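Start with the rule for a pair, then follow the rings one by one.

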Amino acid sequence: MTLLRDMRYPTPRELGLAARALADEHPGEARLRQAGTSRAGQPLWVLSVAATGGAPRGADRNVLVVAGAHANEPVGGATALSLARRVLDDPAPRAGCGWHFLLCADPDGAELHRTPHPYSLLDYHRNFFRPPGPEQPEWAPSLLPPDRLPPETLALMALIDELRPVLQVSLHATDLGGSWVQLTRDVPGLAEPFAKSAAELRIPVENGASDAAGWPSPGPGIFVIPQPGSEAAGAFHPEDTRLSTWYHAHRYAGTTAIVEVPMWASDLVDDPAPHPDPRGALRMLAERLTSDASLVASVRAGADVRPGPPPYEDPAAAPLLRAVDWTLALIPRIAAEWTAGAPEEATAAYIASIDAFGRRLSLRAAAMLLRVLRTQGHPAAPGLDRLVTGWCEDFAARFGARWVPVATQVEHQSRTVLAAYDRLVAAGRDERAG
């Protein structure tokens, strides 16, 4: 498959063509089907690989791998194809288990975020897009009533209902940082193969991920989402995580693993040393976030970009401006959370992760606004362009960013998914034996 040899980020259309070719190569073992349609009418493709000796949906148990849930995290599709080929070549993971790959959960968003092979953080942000929370397939149920869920979410939930997966894996990525795994339930023993893979591939382990602040951690880079009523500190989330599609598998006793891998790596997020002044650092980061966001907000207001009232009438600018406004509206709440909830003790890795998170929020809003202004030939575009360029350069320099080849990102995600399944099955055997 040329796509996997080239190891660049595939488009939704390329994913569908590559999956069709793979299914044609393995008739009877693999099949491609359409699980739904996006808001813009694009197909939602599912590639299924049969359990050993069975049909794709005739297994004792199933694994569902979801790629492309976030438009700006394009590695998942390449990982899904690589995993499909692996399980076709190796009968062990298919013993009594069917494997199913939703190749891109948000093809409309993926079409708007175009980064087949970015060469720098600036190149990555030139055509950046990440939809607001209510338009993200996995997060929509945590923010919208059931009668307003987008078709991508409904298709994903229907797939979970059909397959009742023992393991659901959501493939995610971060622009700059390290690798980590979030779990809706603990998977005993996952930390060891995860750390081994990261070390072999020179990928830092993000042991203080801001997304998982205070969560139980059975090993470096492994975080278990706290149960309801837990007093564990939590990262700021405007969404109710337990209403997301990650938890939809729980009604069938399934577990979900969210596997993050960086596009650019930074050793700063892998530093376990205590930070000398976490409260002071968080106050400073909150102030910078507020200041940076105000710069973007002033351009947004002063540029007088008016495609129409929400939900915006200009079809070209509408999704970008909705995302800009959503991001800018979140920032004051996040800054307040950092200031009010500063821990007395924290690692250097945790503060670095917060630093990176704050930088990317303002940068993303600015980058998406710049796309609109540039397209319209707006006089504010050159100034905003300089701001985006400077922020990208500062971000990369501050964190010593180094590119992680797409093939390496894919390899680490694939190893982690297979390890999670192996450990989950082993834990089930131990439980039955006990």
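Rings of Phe, Tyr and Trp (its six-membered ring) pair if their centres lie within 6.5 Å; planes under 30 degrees apart count as stacked, over 60 as edge-to-face and the rest as tilted. The model is predicted, so local features need pLDDT of at least 70, side-chain atom pairs count only at pLDDT 80 or more, and totals for chains, interfaces and linings use all residues. Residues are numbered from 1 along each chain as its sequence is written, and side-chain values use heavy atoms, with hydrogens and water left out.

Tyr124, Phe128, Trp264 and Trp403 form one aromatic cluster. By the pairing rule, the count comes to eight aromatic pairs. Take Trp139 and Trp246. Their ring centres are 5.1 Å apart and their planes stand at 55 degrees, so this pair is tilted. Trp139 lies in the loop between α5 (121–126) and α6 (151–163), and Trp246 in the loop between β7 (222–224) and β8 (255–265), so the pair ties together parts 107 residues apart in sequence. Helices (H or I, at least four residues) and strands (E, at least two) are DSSP runs, numbered from the N terminus.

Trp139, at 6% relative accessibility, counts as buried. Trp246, at 5%, counts as buried too.

Now turn to Phe395 and Phe399. This pair is edge-to-face, with 5.5 Å from centre to centre and 80 degrees between the planes. Both residues are buried.

How values were computed. Buried means under 20% relative accessible area, exposed over 50%, partly exposed in between (1.4 Å probe, protein chains only).
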